Amino acid sequence: MSQNDPNWDHFRTFLSVMECGSLSAASRELGLTQPTVGRHVAALEAALGVQLFLRTPHGLVATDAAESLKPHAALVASDAAALIRAASSYAPNVGETVKGTVRVSASEVVGVEILPPILAALGEAHPGIVIELSLSDAVEDLLRQEADIAIRMAKPVQDALIVRRIGAIPIALFAHSRYLQARGVPESADDLAGHRMIGFDRQTEFIRAMRKRLPILDSMHAALKVDSNLAQLALIRAGCGIGACQTRLAAREPELVKVLGEAFSLELETFLVMHENLASTPRCRVTFDALIKGMLSYVRG
């Protein structure tokens, strides 16, 4: 690499500025000073020979060049993170045979409600393993090494992946007993029209499956709309209305009551996925096996 080649850290800084929208917000996210973030951006502009941002009285405005380079910068950041995770396996750590960083991708609900005890047990058994937990309902690309292991609610169709089916997670409509005492218990799907429904503000495969299973949802007005499964669960727990919830999670709280019984039910097929190249990597193999054991225990109740 010559002195004029871009620094990998500068790509990471550029990406953060693009996503955060300002130098100050990017500096907070990266843990750097604002002048340092500004110097990184200026150095990258000089190395690439293009202007990435216009400085205006209202802040930074990304140029067309910046918008074009953003996906490539994301690839650089992803590759650098994967390189660091791989290298962590070889760092000296006396007395521990399995060590290193593993990035696990899961939905918000799975990450917050299901994984903590599984990861606690993994940490006790293998204290040399560091878990990076990426929580999002967006699907991270394992082939591009955005994550090492993923828990998914749809079977992957890509090649070069190791896929382990965990089983079906049942979903049903639930409401807090306090809400039902105040508003009454719906006896049929038609009765839902008189209730406060908790829905989503965007279409997903899960939402389309719900609407196919319960067509009346198409004609109903959701009193509360959220873009987060975790927020929806919190609203159900708070007694805000009726919404979809994993039956295993609802069973933990006696005050959550199933609505319409078996008239509405869905099953989410769940899979654990890892790139086949990582199968022989001890840190990933141990984590994969621990997640299989823990998720199977959850699904089987």
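Modeller: A crossing is called left-handed if the near helix is turned anticlockwise from the far one by less than a right angle, and right-handed if clockwise. Helices (H or I, at least four residues) and strands (E, at least two) are DSSP runs, numbered from the N terminus. The model is predicted, with local features needing pLDDT of at least 70 and side-chain atom pairs 80 or more, while totals for chains, interfaces and linings use all residues. Residues are numbered from 1 along each chain as its sequence is written, and side-chain values use heavy atoms, without hydrogens and water.

Biologist: Which residues of helix 3 are buried, and what do they pack against?

Modeller: Buried (under 20% relative accessible area with a 1.4 Å probe, protein chains only; over 50% is exposed, in between partly exposed) are Thr36, Val37, His40, Val41, Leu44 and Glu45 of helix 3. The partners that these buried residues pack against are helix 1, helix 2 and strand 1 (53–56).

Biologist: What residue follows helix 3, and what is its phi?

Modeller: Helix 3 covers residues 34–48. The residue that follows helix 3 is Gly49, and its phi is positive, near 75°.

Biologist: Which residues of helix 2 meet helix 1?

Modeller: The axes of helix 1 (residues 8–20) and helix 2 (residues 23–30) come within 8 Å and cross at roughly 120°, which makes helix 1 oblique to helix 2. Their crossing is right-handed. From helix 1, Arg12, Thr13, Ser16, Val17 and Cys20 make the contact (heavy atoms within 4.5 Å), and they meet, in helix 2, Leu23, Ala25, Ala26, Glu29 and Leu30.

Biologist: Which residues of helix 5 meet helix 10?

Modeller: Helix 5 (residues 108–125) and helix 10 (residues 282–299) have axes that come within 10 Å and cross at roughly 135°, so the two are oblique to each other, in a right-handed crossing. On the side of helix 10, Val286, Thr287, Ala290, Leu291, Gly294, Met295 and Tyr298 take part. They meet, in helix 5, Ile114, Leu115, Ile118, Leu119 and Leu122.

Key: Axes are lines fitted to C-alpha atoms, for helices over the stretch in contact, and angles run from 0 to 180 degrees between N-to-C directions. Angles under 35 degrees count as roughly parallel, over 145 as roughly antiparallel, 65 to 115 as roughly perpendicular and the rest as oblique. The expected span of a helix is 1.5 Å times one less than its number of residues.
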